[in-house]
Amino acid sequence: MKKLIYLTFLAIGMTGCSVESLDSTDNLVTADMRAGVKSNVVESFNVPELICAGEEATFSITAAIKTNLQVQEYYPATEEWVQIFQAGQSASENESFTRTWNEPGSYLLKYKIGGGGFTEIWIEVENCQQTCTYGMGYWRNHGPNSPGGQENMYPVGSLEIAGTSYSQVELEEILKASGNVGRLALMKKHLIAVLLNIANGVDGTSILSTIEDAENAISENISDNNQINAIKDLLESFNKENACEDDEEYEEE
């Protein structure tokens, strides 16, 4: 009889547990619905593929809505971090902001997504504007003692050529030399124009090996006109490949 009573209570207990389990599940679903479904958005700080000096760059941050977002930039001059973007509670999964750097170079940012710490990231800003080139005629007429009183446009105070340093005045004198100066001297004029163009902001990567050949020819005082002319033609071509609108013609000797 005692066993029968015990089994009866056990059955009632099991039934009660089953009902409670279902009720608990319902309560959990209701609680999840009230709290909202957790976002599956992958958090990221998105940097433009190319950032050009003087041009507006657009950055974006991917995160769940209502996330705390912050971006700061480090200023070496004052040794402090400055807030450049903040969203206490983001309004969308992709928040964006713009930033412009006027000078090319490396800039340090740090960002925070949510309640964690900051992550530092270096930003590379490039000079995307291709600087045009000038030939010997322009540089001859725009030095420190220009024949027509033109403004001195030499971007540097001196140039080193084949181990020798030349001042602006000396460079201008070489470019102004007239008559049959010889093929090596003519090549040197084109070399000076190339070096001034590069100092003025032109990308000289493509002509570096030719510059080395030209300086070696000057150092060794090479007399092979065919070799000199080949180097001269490459230098001249570089100076003309992206000629500025106000470039000036120059008659070769």
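Me: Which way does helix 4 cross helix 6, left-handed or right-handed?
Reply: Helix 4 passes helix 6 in a left-handed crossing, meaning the near helix is turned anticlockwise from the far one by less than a right angle. Helices here are DSSP runs of H or I with at least four residues, strands are runs of E with at least two, and both are numbered from the N terminus. Keep in mind that this is a predicted model, where local features need pLDDT of at least 70, side-chain atom pairs count only at pLDDT 80 or more, and totals for chains, interfaces and linings use all residues. Residues are numbered from 1 along each chain as its sequence is written, and side-chain values use heavy atoms, with hydrogens and water left out.

Me: ok, what's the angle between helix 4 and helix 6?
Reply: About 30 degrees, with the axes of helix 4 (183-199) and helix 6 (225-240) 9 Å apart. Axes are lines fitted to C-alpha atoms, for helices over the stretch in contact, and angles run from 0 to 180 degrees between N-to-C directions. Helix 4 and helix 6 are therefore roughly parallel, the word for angles under 35 degrees.

Me: Switching topic: what order do the strands of the open sheet come in?
Reply: The order is 1-2-5, with antiparallel pairing; two strands pair if DSSP finds at least two bridges between them.

Me: And which strands stand at the edges?
Reply: Strand 1 (44-46) and strand 5 (94-99) do, each with a single partner strand, so one side of each has no neighbour in the sheet.

Me: How many bridges join strand 2 and strand 5?
Reply: Six, and strand 2 covers residues 57-62. A57 has R99 in strand 5 as its bridge partner.

Terms used:
Angles under 35 degrees count as roughly parallel, over 145 as roughly antiparallel, 65 to 115 as roughly perpendicular and the rest as oblique.
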